[in-house]
Amino acid sequence: MFYKQLKPFPKNFLWGASTSAFQVEGAAGIDGKGPSVQDALGARHPGITDFSVASDHYHRYKEDVKLFAEMGLKAYRFSVAWSRVLPLGRGEVNEKGVEFYSNLIDELLKYNIEPILTLYHFDLPQALEEEGGWSNRNTIEAFVEFAKLVFERFGDRVKYFLTINEQNVIILHGNAVGNKVSSKKESYQQAHHMFLAQARTTKLCHDILETAKIGPAPNIISVYPETCNPEDVLAADNWMAIRCWLYLDMAYYGEYNSLVWSYLCDRGYEPTFEEGDAEILKAGANPDFISINYYATMTVAAAKNDGNDVTFREGDQQITYGEEGVYRAAVNTHIGKTEYSWFIDPIGFRTTLRAVWDKYRLPIMISENGLGQGDTLVDGQVDDQYRIDYLQLHIDQMQLAMNDGVEIFSYCPWAAIDLVSTHQGYGKRYGFIYIDRDEFDLKDLARIPKKSFYWYKDLIETTS
Ligand code: BG6
């Protein structure tokens, strides 16, 4: 739909940017931090870096926050590394770790930047992994203990909490983001445990913090049918339910999406429910908002169930695989791709936002959106016009979605500064701020604002 006149962004809109602990902090093993699964897995391939130094944000957070303030950020989304505050995942607290986040939060508040805190971003403590990780039900209790510590120590200053970053990506593309499982059945048992952990922490947050707000943060996208053949439309519905609605329905209704439950039972993937689980899921199904990460849409065709539905055997969290008897991957010829083969679809951002709003009617935060690409430093400058173009197109569509009636209160693109990609190293950069290091040569890790930094600063100034 075209509008004659567009409403401007609200003056109090939370323009922000995001990072996650293991991708930005470095300082692995420093000041009492216990190892996480990300430390233990290390570099995903020879030829790319591990997470041990990353962007050294742990030591340079003051300099980074000062730059965030210069950029005009109103919000900063970061995650707490569970094993930095609880080195073994439970039990003894590492006060040095708590102090780091406490200082970071104070530093943000000093510049009137709203802290948005993600509890869990792919970095399970290795000690818990060795007990079976999310496949072990005891991890739920440990997560609640961790969340309680976070709420108690930071809840006086943090108003916005996100529970689990991209639970759907962890379950569906665990290999890309460092979660190991041996079968689909095990994945869905893990998902069930994460749902319980999320429900319990959502309730706990509301019980102990009067004014804090908390919500889930899955990766949500539109799934298009390849054609208007109803068989393709059904396949798109299948994949949309399995990939996206399962996670938001659970957060919002405290129940399994019925189509997905039928699929799980039919395939023998259904998780074991213990007595009381249904009640726990219901009791924690009252998020204050929905946060979504959006990078790209997917396009699918009808499954043929002939042993060839999985067409793309290589891929990652944004590259469509296909699933036997459920859907086939298809190519969308109407949209472009990044140099890492992720589709670029700003209009899909608008359709995604509309769909989430139509289904749940909760205020929406965008906790990730961005372009991963190699940047080049030339004469001390980075001209990342391609990133500006990408972000501007998405922001335009977000504004249109808001004109469509979708309530959105924050946009936190990925990423505030360059950091290590989940599985593609340091060369795949996302930040507004360039970090002067290569894959293995750490150089001086100097912070250099890119062209997109100045563009975002200007956008925030003119819209706020
Ligand atoms: C999301 C994650 O999947 O996408 C981030 O929440 C991640 O942690 C981002 O970095 C981009 O993905 P990648 O694989 O390019 O790092």
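Val 420 touches Gln 23, Thr 49, Asp 50, Phe 51, Ala 54, Gly 425 and Tyr 426, leaving out residues up to four places away in sequence; contact here means heavy atoms within 4.5 Å. Val 420 and Phe 51 are 369 residues apart in sequence, and their C-alpha atoms are 6.9 Å apart in space. To find Val 420, look in the loop between strand S13 (408–411) and strand S14 (433–435). Helices (H or I, at least four residues) and strands (E, at least two) are DSSP runs, numbered from the N terminus. With a relative accessibility of 1%, Val 420 counts as buried, where buried means under 20% relative accessible area, exposed means over 50%, and partly exposed lies in between (1.4 Å probe, protein chains only).

This is a predicted model, in which local features need pLDDT of at least 70 and side-chain atom pairs count only at pLDDT 80 or more, while totals for chains, interfaces and linings use all residues. Residues are numbered from 1 along each chain as its sequence is written, and side-chain values use heavy atoms, with hydrogens and water left out.

## Meeting Phe 22

Phe 22 is found in helix H1 (residues 21–24) and is buried at 7% relative accessibility. Setting aside neighbours within four places in sequence, Phe 22 is in contact with Gln 38, Phe 51, Ala 54, His 121, Phe 122 and Asp 123. Phe 22 and Gly 372 are 350 residues apart along the chain, and 17 Å separates their C-alpha atoms.

Now to the sheets. Strands of a sheet pair through backbone hydrogen bonds, either parallel or antiparallel. In this model, two strands pair if DSSP finds at least two bridges between them. Axes are lines fitted to C-alpha atoms, for helices over the stretch in contact, and angles run from 0 to 180 degrees between N-to-C directions.

Which way do strand S2 (residues 75–79) and strand S3 (residues 114–120) run, parallel or antiparallel? They run parallel and are joined by five bridges; Phe 78 has Leu 117 in S3 as its bridge partner. At the S7 end, S7 and strand S12 (residues 364–368) pair in the parallel sense over four bridges, with Ser 291 opposite Met 365 in S12. Strand S7 (residues 290–293) is covered on both faces: Ile 290 and Ile 292 on one side and Ser 291 and Asn 293 on the other are all buried.

## The three-stranded sheet

Another open sheet has three strands in the order S6-S8-S9, with mixed pairing. Its edge strands, each pairing on one side only, are strand S6 (223–225) and strand S9 (328–329). Helix H11 (residues 230–253) packs on this sheet, touching S6 and S8, and its direction makes about 130° with that of S8. Strand S8 (residues 298–301) and S9 pair in the antiparallel sense over two bridges, and Val 300 stands opposite Ala 329 in S9.

## Open and enclosed spaces

On a 1 Å grid over the protein atoms alone, a cavity is a set of points where a 1.4 Å probe fits but cannot get out, and a pocket is an open set with protein on both sides within 12 Å along at least five of seven lines; lining residues have an atom within 4 Å of a point. Grid points are joined across faces, edges and corners, and a volume is the space filled by probe spheres set on the points. The largest pocket holds about 500 Å³ of space. Its lining has 23 residues, with Ile 171, Leu 172, His 173, Gly 174 and Asn 175 nearest its centre. Helix H8 (167–172), helix H9 (174–177) and helix H10 (184–208) each give two or more residues to this lining, and H10 gives the most, with three.

The structure also holds seven cavities of 30 Å³ or more, and the largest cavity has a volume of about 140 Å³.
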